[in-house]
Amino acid sequence: MRRRPLLSSLLTTVVVAASMAIPAASAAPLAGCSGTNDGDVAIGDNTTVESPITITDCASAPSATSTVPVKIVHTYIGDLAVTLVAPDGSTYPLHNHTGGSADNIDQTYTVNLSSETSNGTWKLRVNDNAANDVGRIDSWSLNLGATPANDFSVAVSPASGSVAAGSAASTTVQTQTTSGQAQTVQLTASGLPSGATAAFNPASVTTGSNSSLTISTSASTPAGTYPVTIQAAGATTRTATYTLTVTGGGGGVQPPDIDITAVKAHLNAFGTIASQNGGNRRSTSAGYRASVTYVKDKLTAAGFTVTEQPCTSGCTTGAGPNVIAEWPGGNANNVYMFGAHLDGVSAGPGINDNATGSSALLETAIVLARLNPAMLNKVRFAWWTDEEQGLNGSRFYVSQLPSAERTKIKTYHNFDMVGSVNGGYFINNINSTQSTHMKAYWDSLSLSPEENTEGRNRSDDASFTNAGIPASGYAMGASATKTTAQANKWGGSAGSAFDPCYHRACDTTANVSDTHLNRAVDGIAYTLWKSAVSPTPGADFSVSVSPTSGSVTAGSSVSATVSTATVSGDPQTVQLSASGLPSGATASFNPASVTTGGSSTLTISTTASAVNGTFPVTITATGTGSRTATYNLTITGGGGGSCSGTNPNDVAIPDAGAAVDSDIVISGCSATPSTVTRVAVNIRHTYIGDLTVALIAPDGTAYTLHNRSGGSTDNINQTYTANVSSEAANGTWKLRVRDLAAQDVGTIDTWSLDLNPAS
């Protein structure tokens, strides 16, 4: 067993005679209307101790029949008084010196808490008022039994459509009340391509009603496929996705306008990662390793080839890896690299320095993958480790490149601190050939950028220039002071630092200028498109299915027509396939491959034992790229589905390694997932304080179950609750476990999921 700091053990419980002792390490806040604290709290003679549970996101008042299951180990329970303490300090006696010499309390109490507010910190207070017997609070739970909040769902039908640039496409936005009372919701759309607008008629509806969405495009709207997010905002916000295919437009040739909202979503994710991992993302920290996982998962999902490159020499001991991602296509002898350092300093979360550069780069990569333009040259992205300790990650990368590979890199572009709140507009090597596109974009905004003198040799571009590889980059300034002339030109405060929170704890998401960040990320995209994207559209196509849904009795079959169209370039042959079919269903295409512009008949056949329910079947056409359409299959009269499942297969958890997943596929579940979905987890591990455990929904949304609590305790054997009521029930759910420290390994032994537990 490895040694842990003594202080962390001592902080678990503080016992003071004839006074109140409160554990410093409390249970993490739990979303929903229930929670559990299974951390042991010692009960000394003649002392009072407390164990807290924090309730968040419970939308209703507690029930008159709230329940409090309590497990206390004590050899004389007649010594004990046990009380539930509400967030406002009100007390509710549960046990008052009864039971005499009986051992232990293992009982569920029912309490009328209807006059209380649900959200806040609840405490189990235990008083021992006699000598000679000690014990501990083993675990306790709080189930407020709140009535369901008003909630609703939103969907679009059809879920996809194709439109020629300059025309319009329509779909129906459907809302439904899922719990509580109907409510009025406002409808908006985001993720539209350049030149496209969305209109709803009506713009607000009462849940249970529909609205007509019309998306209008201009002649200059770029051709491509775009996931448009439909948002319905009421007491809460729910979303649906409409996949819009535009034909005959720019074909992804024109540089895109990157959505700043998407970039800020990455910033927020990095801020959350820091707050959950000691407040920073230093290269040697758990926060950095979680940042690596976040970036890698996003890139892999987008279709990149992603590599973690361990820094085996020259880096700080324990530093995490570089992340390298390459997009297919383009001349491999002409490589244009775009990079940013992913690590921060230990003083704070490192958001401007350098989650801004990392996030801008990540969203640009995602947009490149989504538009999938024809590539003229090769594009490679990099997120560097250990920059703050001496540019070590990028220096290692360059040192490992053979001479021939160095020659292939025509320019390295670096992005470090591109959201400074009092920022300027600086370009590394501003008058060089490699800076031409970067400068041209900022010149088009009349920004009059300057040479980045403050940042010279202070960021990862230096690793490349020192190796003879041309480099450039954007920056908005660090601790240097903005001059009066610069303030007159760019705005902001003369005599103040460009970034007043440089390398400080206040470098949070509040320490970012949206304007500067937006101008940087659009300049990155402009530079990439001008450097590496083909000036003429590549071969592209679209796919659709008609009708978009159908119902079949188990044992029968249903058909639909799959249509393809050439969007740009020459027609091509595409292979057709289907995924997402439930048990007992198969799909066939006639023909199985078509030349774009042609169509095929899809037949879905079912057996008598096929599972009842509605299933989104993904139709994939694969040619130079892949395009998809969705067919919603409803099966009736079959064997019925299930809203629960178990995976008993062991999955090894590597020491201080990548996250591992264990899957459960839910099919034929006709119920909406519960606000108190149960996740029973059995993990064998000798130090559960190393572990993060999350439930991953079919759409990729993560729900944290366990976040490095429990210290040196062995094993997790616990049933968690999660509010997944906004999720679709059917699909692949994952239990994701990651070990973030060394010297202990373990195994996911088994886990179960019940989306609709009995109340």
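In which helix is the place of Val367? The legends below take up this residue first and then move to other close-up views of the model, which is a predicted one.

View 1. Val367 has its place in helix H4. Its relative accessibility is 4%, and because buried means under 20%, Val367 counts as buried. Leaving aside residues up to four places away in sequence, Val367 touches Pro256 and Ile258.

**View 2. The crossing of helices H4 and H10.** Helix H4 spans residues 351-371 and helix H10 spans residues 514-532, and their axes come within 10 Å of one another, crossing at roughly 45°. This angle makes H4 oblique to H10, and the crossing of H4 and H10 is right-handed. On the side of H4, the contact is made by Thr356, Ala360, Leu361, Thr364, Leu368 and Leu371, while H10 contributes Leu517, Val521, Ile524, Ala525, Leu528 and Trp529. Sorted by class, the contact of H4 with H10 has ten nonpolar residues, two polar residues and no charged residues.

**View 3. Two cis peptide bonds.** The peptide bond that leads from Asp353 to Asn354 is cis, with an omega near 10°, and Asn354 lies in helix H4. Another cis peptide bond leads from Ser546 to Pro547, where omega is near -5°. Pro547 is found in a loop, namely the one between strand S29 (540-546) and strand S30 (549-553).

**View 4. An open sheet of four strands.** Four strands, in the order S12-S14-S18-S16, form an open sheet in which the pairing is antiparallel. At the edges are strand S12 (151-157) and strand S16 (197-201), each of which pairs on one side only. From one strand to the next, the twist averages 25°. Within this sheet, strand S14 (residues 168-179) is joined to S18 by seven bridges, and S14 and S18 run antiparallel. Ala169 stands opposite Ile215, a residue of S18.

View 5. Thr217 lies in the loop between strand S18 (210-216) and strand S19 (224-233). Is Thr217 buried or exposed? With a relative accessibility of 8%, Thr217 counts as buried. When residues up to four places away in sequence are not counted, Thr217 touches Val163, Ala164, Ala165, Gly166, Ser167, Gly195, Ala196 and Val246.

View 6. His97 is not a glycine, yet it has a positive phi of about 60°. The place of His97 is in the loop between strand S8 (91-96) and strand S9 (105-111), and at 30% relative accessibility His97 counts as partly exposed. Arg708, also not a glycine, has a positive phi of about 60°. The loop that holds Arg708 lies between strand S43 (702-707) and strand S44 (716-722), and at 28% relative accessibility Arg708 counts as partly exposed.

Definitions and conventions: Residues are numbered from 1 along each chain as its sequence is written. This is a predicted model: local features need pLDDT of at least 70, side-chain atom pairs count only at pLDDT 80 or more; totals for chains, interfaces and linings use all residues. Side-chain values use heavy atoms; hydrogens and water are left out. Axes are lines fitted to C-alpha atoms, for helices over the stretch in contact, and angles run from 0 to 180 degrees between N-to-C directions. Helices (H or I, at least four residues) and strands (E, at least two) are DSSP runs, numbered from the N terminus. Angles under 35 degrees count as roughly parallel, over 145 as roughly antiparallel, 65 to 115 as roughly perpendicular and the rest as oblique. A crossing is left-handed if the near helix is turned anticlockwise from the far one by less than a right angle, and right-handed if clockwise. Contact means heavy atoms within 4.5 Å. Ala, Val, Leu, Ile, Met, Phe, Trp, Tyr, Cys and Pro count as nonpolar, Asp, Glu, Lys and Arg as charged, and the others, Gly among them, as polar. Buried means under 20% relative accessible area, exposed over 50%, partly exposed in between (1.4 Å probe, protein chains only). Two strands pair if DSSP finds at least two bridges between them.
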